[in-house]
Amino acid sequence: MDDFAKLRLDVDRLGRALGAAIRAVSGEALYGVEEEIRGLAKALRHGPDAAKEARLRAVVSGLSVSDAEGVARAFAIYFHLVNLAEERHRVRMNRAREATTSLDAPRSESFRALVGELARRGHDAASVARLLTRVELVSTFTAHPTESRRRTVRLHLNSLRRVLDGLEGGAASEDELEAVVSLLWATDELRQVRPSVEDEVRAGLAYLPTTLAAALPRVAAGLERAIEERFGERVRVAAPVSFRSWIGGDRDGNPNVTPDVTSWAQAYARERGVRMAIEDVERLIEALSAADRWVEAPPAIAAALEAARDVPLPDRFADEPFRRFLLVVRARLRALLGEAGPEGYASDDAYRADLANLVAALDASHLERAASRVVGPAWVRAKSFGLGLVRLDLRDESSQHAKAAAELLRVGGVCADYLALDKAARSALLRRELETSRPLAPVGYEPEGRELQLALGSMRAFRARGAYVISMAHEPVDVLEVFLFAREVGLYHPGRALPFDVVPLFEMLEDLSHADRVVRALLDEPIFHAHVLERGGMEVMIGYSDSNKDAGFLAANWILAVAQDAITRAARERGVRVSYFHGRGTSTARGGGPAGRALVSLPEGTVGDRIRLTEQGEALADRYEDVDLAVRHLEQLLYYFVLAADRDARLEAPSELSSERRAWLDRAAARSTEAYRGLLAMPGFFPFFEALTPIGELAALKIASRPVYRHGHVHEVSDLRAIPWVMCWTQVRANLPGWFGVGAGLAEIPRDVRRALYREWPLFRSILDSAAIGVSTSDLRVTRGYARLADPADVARFFPVLEAEWARTKSLLEETFEGELLQASPTLRRQIELRNPYVDPLNHVQIELLARVRALPAEHPDRERVERALLTTILGIAAGVRNVG
């Protein structure tokens with residue numbers, strides 16, 4: 001049986017089991033109406049049929065609330081099952097493709113291919129190892145959007161994964177499959193309460209000590225194996241990957257992230273990290289049984305044991321030096337959890353040093369293989385996770401910092417009205433103030449404003465220090481204010497670096513357009529310049545979500561590239577290395593898509609040795625729920641990142657962007673932004689948006705701890721957070737943020753020029769390929785069905801604009817590609833075609849339920865039941881299109 005046949009078998013098995021569960025638990029009537037709706041929607045995908053369309057509407061409008069929820073659940077759970085089958089299929093395909101590769105014909109985007117390309121560039125084994133030691137890929141977990149599935153649902157799906165594995169190997173039965181599917185069907189998919197930040201921390205970090213802890217040693221082993229195959233030499237490398245988290249430290253727009261929550265998040269992660277290290281050491285104690293009568297303990301081990309004579313060690317290990325050494329290591333780890341014994345490790349590096357000493361001792365005892373294969377996984381985990389598991393970032397918005405600084409400067413007698421000063425005057429004031437170490441607040445002072453309470457409380461709580469990210473950074477003063485808070489709690493001393501990076505986040509079109517000016521001005525500030533020199537460089541974050549929301553898809557992607565190029569040049573002029581933190585979302589509108597290939601499109605010189613990427617919500621499950629998928633995802637990212645880092649290391653200076661290319665994209669981006677902003681500025685657009693989409697109802701979905709709205713209502717796009725803005729257009733199948741304005745922009749570039757740019761310029765190709773996904777996953781015919789929820793005059797005014805721009809974008813993309821939109825992505829095209837008939841019923845039910853819930857008064861007894869059913873359609877569509885936002 002071929003692999004695709006196995007996928008069809010899995011989908012068929014799961015579908016039949018779901019049908020049996022619906023009939024057994026909920027009755028034949030619900031199953032019958034679900035099947036009728038499915039059949040009608042599928043038939044309408046083959047062509048218009050007025051009679052069938054009328055029948056479908058009649059069936060849906062006649063559903064009771066209970067049946068509407070049941071139908072929605074049936075399709076939602078079906079998509080969970082299909083997604084599971086597809087993930088298993090990806091694992092099978094990865095294994096099959098890897099099995100057919102060789103040293104001379106490596107699999108694309110693999111470790112073999114990476115090392116082969118580095119060899120062609122003149123590297124040997126030692127220089128590849130040095131390169132892998134120098135570079136760092138930093139994955140940063142965020143909770144926005146939060147994983148939409150309940151943890152209980154994910155546990156049932158993981159059980160199904162194991163049963164399907166057993167069925168394939170003959171170790172499980174169809175009965176077991178049906179049992180788990182029936183439990184899944186009987187499980188409430190909706191959360192009863194909104195998740196707390198603590199819930200988000202537990203869910204988001206769950207992949208680190210589990211699948212990623214297993215994946216990282218395989219990544220390191222894969223790199224070592226590829227180097228040995230290519231060069232015939234054994235080297236030892238770690239996985240050049242580390243992890244950060246925003247969950248519990250990101251205060252921007254989330255009133256639930258308090259200093260106490262930040263403290264808890266760090267403590268929780270550290271406990272998990274220490275326990276993982278203890279488990280590693282206990283496995284090593286069990287394995288490293290070498291006796292000193294056969295292997296002489298190296299002096300370093302003997303010295304360590306001599307220094308730890310006060311640690312009681314059992315007599316049965318008297319002649320086993322490695323076990324005795326590891327018992328001391330375990331005791332020092334347990335001390336970090338409060339157990340009595342020797343002093344605990346003072347730092348991650350101290351623990352890593354003990355593992356490095358153990359590896360060196362085994363090497364000296366001619367036990368190199370044991371060092372690599374037995375100790376290696378623990379050493380790799382120690383390198384990537386440390387004892388804290390993950391370092392936490394703090395984030396807040398610049399206007400909140402300004403209010404906090406104003407109170408602090410007022411109570412310190414420095415400035416009565418800081419907010420009345422312009423930005424230049426504020427900078428000058430802070431520059432003078434930060435020349436001393438004195439705190440400003442009187443002893444025992446309790447902040448009056450919430451802004452200062454959070455700023456100082458979070459800074460005091462900051463222990464697992466990652467970076468401090470400043471949203472909406474506009475000027476150098478926005479960064480200096482963080483130094484003021486750090487000085488107040490004793491973390492800043494004049495002329496020295498802070499113990500963490502301070503990272504400006506540029507995310508709006510205007511800010512990105514002059515980000516290089518801000519960076520120059522920042523580096524001309526003696527305080528910040530001394531800080532970044534001691535820290536070894538400057539980190540800058542660029543935001544894909546708000547830039548898209550502000551300027552539209554084409555302009556956002558272009559200005560992000562231009563800004564990186566300009567910032568890099570500005571930093572080089574000041575002798576500072578800059579690295580980038582890419583705030584990418586999961587949807588193409590928010591910078592999603594294949595992250596590895598996006599790295600290829602970044603301007604030369606902007607990648608360097610270190611890069612950070614956000615990973616969030618359902619993307620974490622897609623990438624890290626399965627160990628094999630986690631390894632492959634990291635392999636692809638590292639392939640592109642390491643090659644780009646090597647390229648940049650060879651550049652004497654970044655190559656200039658072609659003036660001709662720049663002129664064409666400047667022109668196209670300006671026209672695209674004009675079209676996008678013109679749509680949003682049309683009178684009545686936001687009332688139309690609120691009527692057409694479930695944005696108002698989305699706030700009731702207990703999906704995240706962060707509110708949907710910034711200000712409680714939508715008068716302009718800035719009132720909305722980027723994720724719900726994208727999510728709502730995705731729900732109604734329009735995906736507007738992923739393509740609107742692209743056609744208007746492309747029309748500014750002659751056809752032959754467009755085609756040449758697409759063939760020859762990776763950046764242009766990446767932008768257009770992502771736009772093609774946005775267009776292909778849109779279905780304005782389905783969106784038209786939501787028109788009955790909006791004012792007919794608004795529908796008549798706005799729909800022709802949407803349809804015309806969609807058609808123009810599709811036509812110009814196909815003209816540029818000289819073929820169909822997804823001709824280079826047949827798997828994605830087939831996936832869209834297969835899923836559409838099963839997503840359509842969810843849209844029909846959602847439209848009906850939106851109409852019902854809006855017709856009910858807030859106090860109506862049926863309202864809660866209708867909202868539950870509606871929220872089930874939201875989750876179902878998200879599962880069907882594999883995108884929350």
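Start with helix H13. Select Pro321, Phe322, Arg323, Phe325, Leu326, Leu327, Val328, Val329, Arg330, Ala331 and Leu333: these residues of H13 are buried (under 20% relative accessible area with a 1.4 Å probe, protein chains only; exposed is over 50%, partly exposed in between). That is 11 of the helix's 15 residues, so H13 counts as mostly covered.

A word on the ground rules. This is a predicted model, in which local features need pLDDT of at least 70 and side-chain atom pairs count only at pLDDT 80 or more, while totals for chains, interfaces and linings use all residues. Numbering starts from 1 along each chain as its sequence is written, and side-chain values use heavy atoms, with hydrogens and water left out.

Now show all of H13, residues 321-335. Helices here are DSSP runs of H or I, at least four residues; strands are runs of E, at least two; both are numbered from the N terminus. H13 reaches 21 Å from first C-alpha to last, close to the expected 21 Å (1.5 Å times one less than its number of residues). What covers its buried residues? Helix H11 (259-287), helix H12 (299-307) and helix H14 (348-364) are among the elements that do, with contact meaning heavy atoms within 4.5 Å.

Select arginine 332 next. Arginine 332 lies over the face of tyrosine 345, 4.0 Å from the ring centre. The rule: NZ of Lys or CZ of Arg within 6 Å of the ring centre and within 35 degrees of the ring normal. Then jump to arginine 73, whose charged end sits over the ring of tryptophan 185, 4.4 Å from its centre.

Move to the aromatics. The whole structure holds 26 aromatic pairs (Phe, Tyr or Trp rings, six-membered ring for Trp, centres within 6.5 Å; planes under 30 degrees apart are stacked, over 60 edge-to-face, the rest tilted). Pick phenylalanine 685 and tryptophan 729: their centres are 6.3 Å apart and their planes at 25°, so the pair is stacked. Phenylalanine 685 is in helix H29 (residues 685-692) and tryptophan 729 in helix H31 (residues 722-731), 44 residues apart. Phenylalanine 685 is buried at 1% relative accessibility; tryptophan 729 is buried at 0%.

Last stop: the closed barrel. Its eight strands run S1-S2-S3-S4-S5-S6-S7-S8, with parallel pairing (at least two DSSP bridges between two strands).
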